[in-house]
Amino acid sequence: MKRIKEVLVVEGKSDTERIQRAVDADTIETRGSAISDETLALIDQLAQTRGVIVFTDPDFSGEKIRRIIADEIPEAKHAFLNKHDAVPDTPRGSLGVEHASPQAIREALKEVYTESDTNPEIITKQELIDANLVGSHDAKERRLKLGELLHLGYVNAKQLQRRLRMFGITKAEFNDALSKIDEER
C-alpha cells in the first residue's frame, strides 16, 4: 500500500476509514465546514512540518472547507475526487469521500495541485466562452467533464478561470481535455 507523506485533510471519520483502505496516510478531520480555530492551527502546523493535502467531498460543504483552508494556508495542496466516484449506494446519502472506491481515491491522490496566485493567466475568459464552458446551454456539463479530466473538481463559471490559473493548467492540457470532451459527443 502506497504511503502518503503529507497529512490528508478530510471532513470526517468515515472519510478517514475509507482512505485507509486505499493508501497508508495520516488524516486530520475538520468535522464539518465550521472549522475551529484549533483545527486550522493544527492544519497550519502540519503544513509547515509534513505538508497537507486537502481532500474534501465534491460538494458545496467540501468546497467551503477547501476555500477556508486555502485562504489560511496557501501552501496546502489539493486533490479532487470526481463527483461520480463519490456517489452513495443509497439515494438518501450525500456525495462523499466515504463512498469512493479505493481505486478512485488512489487516482485522485495521483493528481495533486498547489494553488499559486503567481501563475500567469494562460486561458482567457474569451477562450472559456468559445469552448462553451461559460454562457452556453451545456456549459455546466462541459465544466463538470473538464474538472474531472483535469482533476480540478467541479467549478462554476466564475471559479473556472481562477482555478485553471491557480493550478497552472497549460494551454496544451486545456486543449487536450476539450478535445476529449468533444470526442464524447
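Thr 27 lies in strand S2. Strands (E, at least two residues) and helices (H or I, at least four) are DSSP runs, numbered from the N terminus. Thr 27 is partly exposed, because its relative accessible area is 23%. On this scale buried means under 20% relative accessible area, exposed over 50%, and partly exposed in between (1.4 Å probe, protein chains only). Beyond its neighbours within four places in sequence, Thr 27 is in contact with Val 7, Leu 8, Val 10, Thr 16 and Ile 19. Contact means heavy atoms within 4.5 Å.

This is a predicted model: local features need pLDDT of at least 70, side-chain atom pairs count only at pLDDT 80 or more, and totals for chains, interfaces and linings use all residues. Residues are numbered from 1 along each chain as its sequence is written, and side-chain values use heavy atoms, with hydrogens and water left out.

Two C-alpha pairs can be set side by side.

| Pair | Apart in sequence | C-alpha to C-alpha |
|---|---|---|
| Thr 27 and Thr 16 | 11 residues | 6.3 Å |
| Gly 12 and Asn 156 | 144 residues | 25 Å |

Gly 12 sits in the loop between S1 and H1. Gly 12 counts as buried because its relative accessibility is 18%.

Next, the sheet. It is open, with 5 strands in the order S2-S1-S3-S4-S5 and mixed pairing. Its edge strands are S2 (27-29) and S5 (113-114), each pairing on one side only. Two strands pair if DSSP finds at least two bridges between them. S4 (residues 77-78) and S5 run antiparallel and are joined by 2 bridges. Lys 77 is opposite Thr 114 in S5.

Helix H2 (residues 37-49) lies across S1 (7-10), S2 and S3 (52-54), running at about 160 degrees to S2. Axes are lines fitted to C-alpha atoms, for helices over the stretch in contact, and angles run from 0 to 180 degrees between N-to-C directions.

In helix H4 (residues 102-110), the buried residues include Ala 104, Ile 105, Ala 108 and Leu 109. They lie on the same side of H4, because they cover an arc of only 130 degrees around the axis. The arc is taken from the directions from the helix axis to the C-beta atoms. S1, helix H1 (13-22) and S3 are among the elements that cover these buried residues.

H1 and H4 pack at about 85 degrees, with axes 8 Å apart. H1 and H4 are therefore roughly perpendicular, a label for angles of 65 to 115 degrees. Arg 18, Ile 19, Arg 21 and Ala 22 of H1 meet Pro 102, Ile 105 and Arg 106 of H4.

Notes. Angles under 35 degrees count as roughly parallel, over 145 as roughly antiparallel, 65 to 115 as roughly perpendicular and the rest as oblique.
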